[in-house]
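Dear colleague,

Please find the structure below for your review. My notes on it follow directly after.

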Amino acid sequence: MYPVFIPSKGRPNPKTLRHIPDSVLVVEPQDYGMYRSCNPKADIIILEENDRGYSYVMQFILDLARSLNIDFYWVVDDDFSQFYRNDNNKKNIKITGKEALEGAEQILSKVNDWGQGCL
């Protein structure tokens, strides 16, 4: 599975982290202590500045990925309460966040030229 980044602000117990525990939280310096105390085992990256907005966070993650030679990665909202797979348009079945992302990766791997995908 590709690396997963979860930008978060003001939600020290992000729901998504429970569903994708191998992900990396991306938080503002002012919030780091709060997130660390609530998530002592989580991987946490601290932004360089506070209160710069979503586009700043997205650019920070892009620059970080490039510096680490990561070609593909996920940025997932911090407030997902559950993931589902549709069973032939009849029923939604609960799945893990990992299953959802790996399923999406399988679909995207069949496309030759894509720059961005979303769930």
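In these notes, buried means under 20% relative accessible area, exposed over 50%, and partly exposed in between (1.4 Å probe, protein chains only). This is a predicted model, in which local features need pLDDT of at least 70 and side-chain atom pairs count only at pLDDT 80 or more, while totals for chains, interfaces and linings use all residues. Residues are numbered from 1 along each chain as its sequence is written, and side-chain values use heavy atoms, with hydrogens and water left out.

Thr16 counts as buried, because its relative accessibility is 0%. The residue touches Ile6, Val76, Asp77, Asp78, Asp79 and Phe80, not counting residues up to four places away in sequence; contact here means heavy atoms within 4.5 Å. A polar atom of the Thr16 side chain lies 2.9 Å from the backbone nitrogen of Phe80.

As to aromatic rings, four pairs are found in a search of the whole structure. Rings of Phe, Tyr and Trp (its six-membered ring) pair if their centres lie within 6.5 Å; planes under 30 degrees apart count as stacked, over 60 as edge-to-face and the rest as tilted. Phe5 and Tyr73 form an edge-to-face pair, because their planes stand at 80°, with the ring centres 5.7 Å apart. Phe5 is buried at 4% relative accessible area, whereas Tyr73 is partly exposed at 25%.

Phe80 and Phe83 form a stacked pair, with 4.9 Å centre to centre and 20° between the planes. Phe80 is partly exposed at 31% relative accessibility, and Phe83 is buried at 5%.

Yours sincerely

Note on methods. A polar contact is a pair of N or O atoms within 3.5 Å; within protein, one must be able to donate a hydrogen and the other to accept it, and residues adjacent in sequence count only if both atoms are side-chain atoms.
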